[in-house]
Amino acid sequence: HPTPFGVASRVSTVGGNFTIPPLSSVLPLLLLLGLLSARVVASMAGSPPPLSSGLGLGPSSSPSPSSGDPSHQASSGVVLALPGPEYGRLNFENGDLQVCEKRIYVVEEGGKGRGTAWDVWDGAWRLAKWLEKAAEQDALKFELPSLASDAPTKVNAPPLAIELGSGTGLGGMAIRAAFPEADVHLTDLPEVMEALNANVHRNHHLLRSHGHVRLKAMPLDWTTTLTGTLPLHIAPHGYDLVVAADCVWLIELIPAFVRTLRAVTHQRSLVVLAYQERSRAATRALFGTLDAHFTREDADGFLARLDDAAHGRPPSDDASAAVDSKVRIYLLRRLSDHSSEVERQKRDMKLSSIDRALIEEGCTW
């Protein structure tokens, strides 16, 4: 029979008559229930909420690429879905993760709609375990002699390390656990500092050595490097060791990230980059740009070759293929300015027109 919302049906049953309302009248309610259910499931799973423009930076009408939190989106409002972690849901707050027999305590504060900087992602966990293995093998003693296990103590001039896009700070704290003589700066956006500092002080056993504070959190917005300036608290002559874990997966972030890498490195710096592909276009753009300024080597293969040489074995064919992880780790070493220009020209000759357009569109400074 007709109703204001459409045609309803009266059904006779053993228990009596009842009316089935028209679909048009209940459809909005069904859609609302579906959205609420999806939100509850996402919260229970601990997965990040849909990302929107400006998320993580507070109210913003014109989002810009920024460091640390890759939740900044293009103005088109594209929603990105990130795969969940593969590290077996370690309880970081209880110190389940150990690096060189030192526990690292990290509290995750994700799932509150602020962005990705408040969660531990696979890249940070993989980076921490790679640093542990490098320290156990003393693998960096030729690259960075000041980090060697038998290096003389240099209280007045310790090796300097920095983590870009620290988030919870797990990667930078792993440096302190693996290389106790290093001064480590954890950097991210200003709004991340409160949670990052709280994690730093949870790890008081990593905070000091020889009476000096060795672990500090400080703000660093990558976009400041596009103007050729760095904050005064950042080492002006560069860092010996630079690490970054899973903090670049949007094309919009790549120019600022690569320029920041160049700003915080010197000719003898070693960069350890943990990267998980989330967009083929972003991957091509990132490494197309990096390869014009840095040499690149597979980090797992680097450790495997050192281990083979130490035990008199022939070199492994592809050690990185044996690592069961979505995250790949690379060692980057800075090219000279002249070499960078030569490499850029070689890269441009090899690139297809599509790849070149992607890089030029997203990575021109």
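This is a predicted model: local features need pLDDT of at least 70, side-chain atom pairs count only at pLDDT 80 or more; totals for chains, interfaces and linings use all residues.
**Entry 1: the whole chain.** I began with the overall counts. The protein chain has 10 helices and 15 strands. Of its 365 residues, 46% are buried. I then turned to contacts between residues at least 6 apart in sequence, and found that 72% of them join residues at least 24 apart.

Entry 2: Next I traced an open sheet of seven strands, and I noted its order as 11-8-7-12-13-15-14, with mixed pairing. Strand 11 (215-219) and strand 14 (294-298) are the edge strands, each pairing on one side only.

**Entry 3: strand 7 and its partners.** I went to strand 7 (residues 160-164) and checked both pairings. With strand 12 (residues 239-245), strand 7 pairs in the parallel sense over four bridges. In that pairing I found L164 opposite A244 of strand 12. With strand 8, strand 7 also pairs in the parallel sense, over four bridges. There, I162 stands opposite H185 of strand 8.

**Entry 4: strand 8.** Are the faces of strand 8 covered or open? I found both covered: D183, H185 and T187 are buried on one side, and V184, L186 and D188 are buried on the other. That makes six of six residues buried, so strand 8 is largely enclosed by the rest of the structure.

**Entry 5: helices on the sheet.** I looked for what lies against these strands. Helix 4 (residues 193-202) lies across strand 8 (183-188) and strand 11, and runs at about 180 degrees to strand 11. Helix 8 (residues 299-310) packs on the sheet as well, touching strand 14 and strand 15 (327-334). The direction of helix 8 makes about 65 degrees with that of strand 14.

**Entry 6: helix 2 against helix 8.** Last, I looked up how helix 2 (residues 122-137) sits on helix 8. Their axes are 11 Å apart, and the packing angle is about 20 degrees. Angles under 35 degrees count as roughly parallel, so I logged helix 2 and helix 8 as roughly parallel to each other. The crossing is left-handed. Which residues meet here? From helix 2 I listed R126, W130, K133, A134 and Q137, and from helix 8 A299, D300, F302, L303, L306 and D307. By class, I have six nonpolar, one polar and four charged residues in this contact.

Technical notes
Residues are numbered from 1 along each chain as its sequence is written. Side-chain values use heavy atoms; hydrogens and water are left out. Two strands pair if DSSP finds at least two bridges between them. Helices (H or I, at least four residues) and strands (E, at least two) are DSSP runs, numbered from the N terminus. Contact means heavy atoms within 4.5 Å. Axes are lines fitted to C-alpha atoms, for helices over the stretch in contact, and angles run from 0 to 180 degrees between N-to-C directions. Angles under 35 degrees count as roughly parallel, over 145 as roughly antiparallel, 65 to 115 as roughly perpendicular and the rest as oblique. A crossing is left-handed if the near helix is turned anticlockwise from the far one by less than a right angle, and right-handed if clockwise. Ala, Val, Leu, Ile, Met, Phe, Trp, Tyr, Cys and Pro count as nonpolar, Asp, Glu, Lys and Arg as charged, and the others, Gly among them, as polar. Buried means under 20% relative accessible area, exposed over 50%, partly exposed in between (1.4 Å probe, protein chains only).
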